[in-house]
Amino acid sequence: MSTNLKSTTYDAVVIGAGFSGLYMLHKLRGLGMSAVVFEAADDVGGTWYLNRYPGCRCDVESMHYSYSFDEELEQEWEWTEKYPAQPEIHAYLSHVADRHDLRKDIVLNTRVTSAHYDEGSGRWAVTTDSGETVDAQFVISAVGCLSTPKAPEIPGLDDFAGDWYHTGEWPEEKVDFTGKRVGIIGTGSSGIQVIPEVAKEAAHLTVFQRTPNYTIPTFNGPIDQELVADVKKNYREIRQMAKESGFGVPLPPPEKSALEVDPEERYAYYSKMWARGSVTSVLTAYTDLLVDQEANDTAAHFVHDRIREIVEDPEVAETLCPKDYPFGTKRPTMGTDYYETFNRDNVTLVDLRKDPLERITADGLKTEQGEWEFDVLILATGFDAMTGPLLAMDIRGRAGQPLAEKWKDGPHTYLGLSVAGFPNLFTITGPGSPSVLSNMPVAIEQHVDWIGDLLAYMREHGQSTAEADQQSEEEWTQLVAEYANATLHMKANSWYLGANVPGKPRVFMVYTGGVGVYRETCDEIAEAGYKGFELSA
Ligand code: NA7
């Protein structure tokens with residue numbers, strides 16, 4: 001047995017020590033349960049530990065991107081910027097781990113490779129890449145939604161003679177771009193954040209863009225101390241508002257359709273929301289931006305106008321304008337000086353729609369029409385989202401059924417939290433829950449609290465096994481699909497839909513009914529004695 005493991009038998013194994021895993025461990029401790037957390041990285045923090053690229057920053061404001069369970073911490077912690085940068089969030093999570101003495105039950109540098117359910121004992125055997133197997137009643141996945149990096153699907157990465165980095169696995173030490181010719185593939189959230197930073201340092205930066213993105217400026221800066229005082233005074237009401245909201249941020253719900261106001265008033269309102277530097281404010285300016293194409297066009301055109309205003313070269317500006325998918329249906333991004341960066345002399349934009357990538361070479365990149373030489377390549381090519389990190393493990397349920405087989409046509413879950421045939425397995429922010437369409441800590445705390453309540457209920461009622469029933473799972477999966485079909489989300493090739501990974505089933509993996517409605521549903525299910533679950537001794 002590894003020196004890091006105290007036992008080979010636990011009440012619960014938690015997989016991952018990011019926002020979810022840390023709070024889950026704290027919750028399990030509070031219930032008096034024995035638990036171990038396995039974390040593949042060499043420190044806690046999850047996505048906020050490994051995404052260390054320059055410019056990495058959260059797109060939810062600092063005051064709202066935090067735990068609410070520790071009211072003293074909420075008052076004590078001092079955020080320094082309007083939007084928190086990766087080092088600050090990592091410092092926050094490290095502090096939480098120390099403050100609650102969590103590290104002693106976290107085994108670092110250890111990746112869970114398999115979890116097999118044994119029907120005879122009703123327990124799970126969880127195996128890690130250090131070769132150990134532990135036995136647990138419950139397995140709780142806290143693996144995150146965006147933790148399996150995806151390389152570009154072009155050949156030749158091994159041939160490249162220079163250094164290359166994926167934004168999702170950035171090295172700890174600073175990468176120096178001074179005097180370097182740098183190429184970057186990808187203009188999603190990560191690309192949009194790293195591009196302005198690298199451009200400041202590199203001799204030349206060439207951006208390879210396949211799909212342009214709608215980017216809202218952060219107008220980031222030192223945090224407003226008056227706002228801090230006000231939020232700290234009213235944290236309980238503000239947290240409650242976030243819990244009841246559509247996206248997990250404390251904004252009042254929109255009241256009007258974009259089409260019922262006159263164009264001038266609408267433009268002025270978008271300008272006001274834009275000036276707030278908050279993507280959610282723009283996204284929730286009107287009720288119908290994500291469900292009505294005509295309404296959505298008004299927001300899309302507003303963003304196009306801003307791009308044309310900022311970017312000096314009209315051809316470059318047009319290349320940066322997203323025109324073939326609705327605003328907000330691929331993850332809308334937030335940037336600092338993103339569009340402005342294309343006014344720099346040392347930055348070139350390559351439109352891969354006109355000149356597709358063919359391969360990576362020893363010297364750089366080859367497109368259909370040319371060859372590009374680089375000292376450094378950055379892959380901001382995203383993740384195998386949502387299901388990727390779960391299916392990277394060999395999870396087997398009843399009768400040895402692999403999760404990968406059960407989900408071969410897309411994820412089937414009940415509430416995004418549990419899977420029929422996989423008793424006592426819970427998936428925090430799993431597919432079929434609001435997850436990435438929520439401010440993550442809000443979604444995470446709701447799941448952890450709900451799972452904790454279920455475990456307490458089971459103990460009170462002498463039950464040892466909880467399993468979603470097949471019918472409830474099917475109905476839920478169908479509901480998630482129906483809700484998604486009622487939105488414009490289906491019109492974009494997004495990672496929400498699995499469209500970024502070749503061969504992945506094209507299934508919308510996120511519950512779009514809103515964070516508040518989802519919470520109510522989960523609460524009603526709990527109040528009805530965990531309707532849809534089979535609880536047994
Ligand atoms: P994203 O949002 O998936 O962005 C990946 C980007 O990489 C996107 O622009 C892709 O273009 C591009 N990409 C991926 N593969 C290729 C290939 N083969 N050729 C050219 N371009 C490619 O990932 P991020 O890391 O930026 O953000 C992920 C989430 O993290 C983000 O939404 C936040 O929630 C935090 P495409 O759009 O597929 O045409």
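**Notebook: loops, strands and helices**

I began with a serine: the backbone nitrogen of Leu259 lies 2.9 Å from a polar atom of the side chain of Ser257. I note that this is a predicted model, in which local features need pLDDT of at least 70 and side-chain atom pairs count only at pLDDT 80 or more, while totals for chains, interfaces and linings use all residues. Residues are numbered from 1 along each chain as its sequence is written, and side-chain values use heavy atoms, with hydrogens and water left out.

**Ser257**

I looked up where Ser257 sits, and found it in the loop between H7 and helix H8 (263-276). Helices (H or I, at least four residues) and strands (E, at least two) are DSSP runs, numbered from the N terminus. Ser257 counts as buried, at 15% relative accessibility. Buried means under 20% relative accessible area, exposed over 50%, and partly exposed in between (1.4 Å probe, protein chains only).

The side chain of Ser257 also makes a polar contact with the side chain of Asp288, at 2.6 Å. A polar contact is a pair of N or O atoms within 3.5 Å; within protein, one must be able to donate a hydrogen and the other to accept it, and residues adjacent in sequence count only if both atoms are side-chain atoms. Not counting residues up to four places away in sequence, I found Ser257 touching Tyr286, Thr287 and Asp288. Contact here means heavy atoms within 4.5 Å.

**Helices H7 and H17**

Helix H7 (residues 235-244) packs against helix H17 (residues 515-527) at an angle of about 85°, and their axes are 6 Å apart. H7 is therefore roughly perpendicular to H17. Axes are lines fitted to C-alpha atoms, for helices over the stretch in contact, and angles run from 0 to 180 degrees between N-to-C directions. Angles under 35 degrees count as roughly parallel, over 145 as roughly antiparallel, 65 to 115 as roughly perpendicular and the rest as oblique.

Which residues of H7 and H17 meet? I listed Ala242, Lys243 and Glu244 in H7, and Val515, Gly516 and Arg519 in H17. By class, this contact of H7 with H17 has 2 nonpolar, 1 polar and 3 charged residues. Ala, Val, Leu, Ile, Met, Phe, Trp, Tyr, Cys and Pro count as nonpolar, Asp, Glu, Lys and Arg as charged, and the others, Gly among them, as polar.

His304 lies in helix H10 (residues 293-310). Leaving aside neighbours within four places in sequence, His304 is in contact with Tyr214, Cys321, Pro322 and Lys323.

Leu22 is in helix H1 (residues 19-30) and is buried, with a relative accessible area of 1%. With neighbours within four places again left aside, the contacts of Leu22 include Val44, Tyr67, Leu93 and Ile106. I also checked Leu22 against Tyr267: they are 245 residues apart in sequence and 43 Å apart in space, C-alpha to C-alpha.

**Strand S16**

I then turned to strand S16 (residues 376-379), which is covered on both faces. Val376 and Ile378 are buried on one side, Leu377 and Leu379 on the other. In a regular strand the side chains alternate between the two faces of the sheet.

S16 runs parallel to strand S7 (residues 163-166), joined by 4 bridges; here Tyr165 has Ile378 as its bridge partner. Strand S8 (residues 181-185) is also parallel to S16, with 4 bridges, and Val182 has Val376 as its partner. Two strands pair if DSSP finds at least two bridges between them.

**A sheet of 3 strands**

I found an open sheet with the order S13-S14-S15 and antiparallel pairing. Its edge strands are S13 (357-360) and S15 (371-373), each pairing on one side only. S13 and strand S14 (residues 364-367) share 3 bridges, and Leu357 stands opposite Thr367 in S14.

**Positive phi**

Last, I looked up two phi values. Most residues other than glycine have a negative phi. Asp101 has a positive phi near 50°; Asp101 lies in the loop between helix H4 (86-99) and strand S3 (106-107) and is partly exposed, at 40% relative accessible area. Ala399 has a positive phi of about 55°, lies in the loop between strand S17 (394-396) and helix H14 (403-406), and counts as exposed at 73% relative accessibility.
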